[in-house]
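Visitor: I'd like to learn how to read a model like this one. Could you walk me through it?

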Amino acid sequence: MLAWGRTVLALTICALLFLRWLPSHRVWALVPVLIATGGGALIVLGRRRAADRAVRAILDEHAEPPVGPVFAVSALVVLTGIAALLII
């Protein structure tokens with residue numbers, strides 16, 4: 001669960017860095033900010049459910065890695081990067 005917390009922290013820092021573009025790129029600078037912030041919010045909201053599911057899986061001795069969330073975060077990072085590149 002700590003890794004997801006670090007991921008949210010990294011997304012927040014990226015969003016804050018994108019805010020530095022606001023004076024030069026105006027409203028378009030908010031696109032990557034909203035993508036990173038929205039993705040971080042979804043991670044925070046889904047962490048509790050994922051933690052409960054992980055605890056149940058450990059108790060049932062049938063734990064599998066969460067492939068879906070990893071792909072979703074990878075897509076989020078790529079989407080944020082593409083949005084930033086399009087703005088530049």
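Visitor: How many helices and strands does the chain have?

Guide: Helices (H or I, at least four residues) and strands (E, at least two) are DSSP runs, numbered from the N terminus. Here you get four helices and zero strands, so the order from the N terminus reads α-α-α-α. Keep in mind that this is a predicted model: local features need pLDDT of at least 70, side-chain atom pairs count only at pLDDT 80 or more, and totals for chains, interfaces and linings use all residues. Residues are numbered from 1 along each chain as its sequence is written, and side-chain values use heavy atoms, with hydrogens and water left out.

Visitor: What is the radius of gyration of the chain, and what would a compact globule have?

Guide: The radius is taken over C-alpha atoms, and the globule rule is 2.2 Å times the number of residues to the power 0.38. For 88 residues that rule puts a compact globule near 12 Å, but this chain has 16 Å. Its C-alpha atoms fill a box of roughly 55 × 15 × 15 Å along the principal axes.

Visitor: What share of the residues is buried?

Guide: Buried means under 20% relative accessible area, exposed over 50%, and partly exposed in between (1.4 Å probe, protein chains only). Of the 88 residues in the chain, 24% are buried.

Visitor: Is threonine 80 buried or exposed?

Guide: Threonine 80, in helix H4 (residues 67-87), is buried, with a relative accessible area of 7%. Contact means heavy atoms within 4.5 Å. Leaving aside neighbours within four places in sequence, threonine 80 is in contact with Phe18, Pro32, Ile35 and Ala36.

Visitor: And where is isoleucine 13 found?

Guide: Isoleucine 13 sits in helix H1 (residues 2-18). This residue counts as partly exposed because its relative accessibility is 43%. Threonine 37 is 24 residues away along the chain, and the two C-alpha atoms are separated by 9.6 Å.

Visitor: How many aromatic pairs does the structure hold?

Guide: A pair of aromatic rings is described by the distance of the centres and the angle of the planes. Rings of Phe, Tyr and Trp (its six-membered ring) pair if their centres lie within 6.5 Å; planes under 30 degrees apart are stacked, over 60 edge-to-face, and the rest tilted. This structure holds one such pair. Phenylalanine 18 and tryptophan 21 have ring centres 5.1 Å apart and planes at 65 degrees, so the pair is edge-to-face. Phenylalanine 18 is also buried, with a relative accessible area of 12%.
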